[in-house]
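Student: I have a structure open and would like to go through it with you piece by piece. Could we begin with a helix and work outwards from there?

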Amino acid sequence: MHLSETRAVLHRHPALEGFASHVNDFLDTHLPGPVAEQTAQPPWLELRKQAAHAGLTGFDLKRGEGGPGHGHARARGRVLTASVPPALGRVAQGLAMFLAGRRDCDAREIFSTAHGAMALRYGTPAVRDAVRTRVVERGELAGVASSEPHSGSDLRGLRTVAVDHGDHLLLSGTKGLISRVQEATGFVVFCKIVEPAQAAVPDTGGTWLREVPLSALWLPADSAGVVTDTTTPLGLQGWSMGHLHFDRVRIGKQFLLGAPGDGRRIFDNHFSGWRVMMALVCLGAATAAIEETMNRARHRTVGRTSLATIPSVVARLGTAAAETQAATAWCFSLLERCDQDGGQMDVAACSAAKALATDAAYRAVDVALQLHGSEGYTRCTPNEKRLRDIRGLRIADGPNDTLYSVLAHSLLTGTRPTAPLVAQRRA
Ligand SMILES: Cc1cc2nc3c(=O)[nH]c(=O)nc-3n(C[C@H](O)[C@H](O)[C@H](O)COP(=O)(O)OP(=O)(O)OC[C@H]3O[C@@H](n4cnc5c(N)ncnc54)[C@H](O)[C@@H]3O)c2cc1C
């Protein structure tokens, strides 16, 4: 089943073939095989910088979003952006994520603007210029700080406040656990903007704060008053994870993304697409795991029997392959629809697709690990890392339980757009 679903995507969009080759060439050069925990860990941030040099960090932006749009833009003699047709930015990003995931889930941060897209899409010109220079051209990394220790999946419960002092805000609160606390050059912070008089009223339970709409701002990581700590996660250890503490961080209002109160809209628009990207990272990992296991099953004998001829083995591999393929097709269908609809994502379907894909990928890698026997259970082979990494992505960017509920809720209440769950592809 070697990449058959991505082959189908390229068959529908031949204009992306050059881009896919560019990504694969980059990976073949810098990350030639799957990563196992016991082998030397790739220099992840350095790889992102190399990707920026190869034009693979800003291809997902449109003109007007701080990106040059399609075509090769050159500055100081080097390619700034890989060639992606303007109406295929999301599909291209999905392809890059899938191909990255085939090598390792931690490779998810190498390509595209990632969370920097929020600053580039909704920021003031000054923010966009700064983020474009850092995240797209230099290959630095943008983080996102939404979750708080007492409230991750409940966005209304966030208690980080930015007190409005006219020309500036004073940001206070704690975020975490969040990824990239040490590597990120800046964070998109979700918070509540309040008046000084409101901030003076004690609200330890966050009761009235629940009614304050969410806002978003871009916070440079080196701002005075930002303190970080780190912890050790089960997987996804290529990037740091920890808390961000804000102690009356002074930040100019030009750092706001959108208008005050736009945070939820920005969150939903961005994370709908991002969830599909994380789904495709996991599906890439699962596809690689299934291919490796098919290969092993062909060559491994148990007694006089080839593993590949044992019906229960074949059935499990077939189930894993079918689930992985189906989820991959759904994800690309959502991205195609988004590109056709000018960037509009179906929040409910994207949420459920991420949940379904990461669950399916986890099952597939678990089967792959099992069929590698004791070797699969060691850190010398990639499946134990894949399993731990995908486990994290079943919680990150929204726990899967809540994401399935988002789809069910919108179907039950009839708030979904009339578009079908899987869009009909236009010829
Ligand atoms: C690897 C990883 C990376 C992360 N990176 C970031 C990051 O960069 N930035 C950031 O802001 N956050 C990040 N997070 C945090 C993540 O977004 C939150 O963990 C997630 O939203 C869940 O919030 P919580 O941990 O507070 O769990 P809770 O909200 O306490 O939920 C705990 C569990 O309860 C269940 N549950 C909760 N609500 C419901 C519901 N409505 N219906 C059914 N079940 C429910 C789910 O099983 C859920 O996992 C990361 C998390 C992980 C694991």
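Student: Which residues of helix α3 are buried?

Tutor: Bearing in mind that this is a predicted model, the buried residues of helix α3, which spans residues 44-53, are W44, L47, R48, A51 and A52. When one looks down the axis of α3, these buried residues fall within an arc of 150 degrees, so they line one face of the helix.

Student: What covers the buried residues of α3?

Tutor: The cover includes α2 (17-30) and α6 (125-137), and β3 (141-145) is also part of it.

Student: And what follows α3?

Tutor: G55 follows α3, and the phi of G55 is positive, near 75 degrees.

Student: OK, zooming out, how is the protein chain divided into domains?

Tutor: The division gives domain 1 (4-141), domain 2 (143-261) and domain 3 (264-413). Taken over C-alpha atoms, the centres of domain 1 and domain 2 are separated by 27 Å, and the contact takes 19 residues from domain 1 and 16 residues from domain 2.

Student: Switching to the ligand, how many residues surround it, and which are the closest?

Tutor: The ligand is surrounded by 22 residues, of which the closest are G152, I178, G392, A396 and P399. The elements that give two or more residues to this shell are β3, β5 (168-179) and α13 (400-413). By class, the shell around the ligand has nine nonpolar and 11 polar residues, and two charged ones.

Student: Now the core: how many residues does the largest nonpolar one have?

Tutor: That core has 127 residues, and those with the most contacts inside it are V188, L217, C282, C331, A353, A361 and V365. Helix α10 (residues 347-371) gives the most to this core, with 18 residues.

Student: What does V188 touch?

Tutor: Leaving aside residues up to four places away in sequence, V188 touches H115, M118, A119, A142, V144, A145, A216, W218 and L257.

Student: Last topic, backbone angles: what is phi of L236?

Tutor: Phi of L236 is near 50 degrees, which is a positive value in a residue other than glycine. L236 lies in the loop between β8 (226-231) and β9 (241-252).

Student: What about R248, which also isn't a glycine?

Tutor: R248 has a positive phi of about 45 degrees, and R248 is found in strand β9.

Student: Is R248 buried or exposed, and what about L236, buried or exposed?

Tutor: R248 is exposed, because 11 other C-beta atoms lie within 10 Å, whereas L236 is buried, with 22 other C-beta atoms within 10 Å. The cut-offs behind this are 12 or fewer for exposed and 20 or more for buried.

Notes: Residues numbered from 1 in each chain as written. Predicted model: local features only at pLDDT ≥ 70, side-chain atom pairs only at ≥ 80, totals over all residues. Helix = DSSP H or I, 4+ residues; strand = E, 2+ residues; numbered from the N terminus. Arc of directions from axis to C-beta. Contact = placed C-beta atoms within 7 Å. Near = placed C-beta within 6 Å. Nonpolar A, V, L, I, M, F, W, Y, C, P; charged D, E, K, R; others polar. Domains from an automatic or database assignment. Core = buried A, V, L, I, M, F, W, Y, C linked by C-beta atoms within 7 Å.
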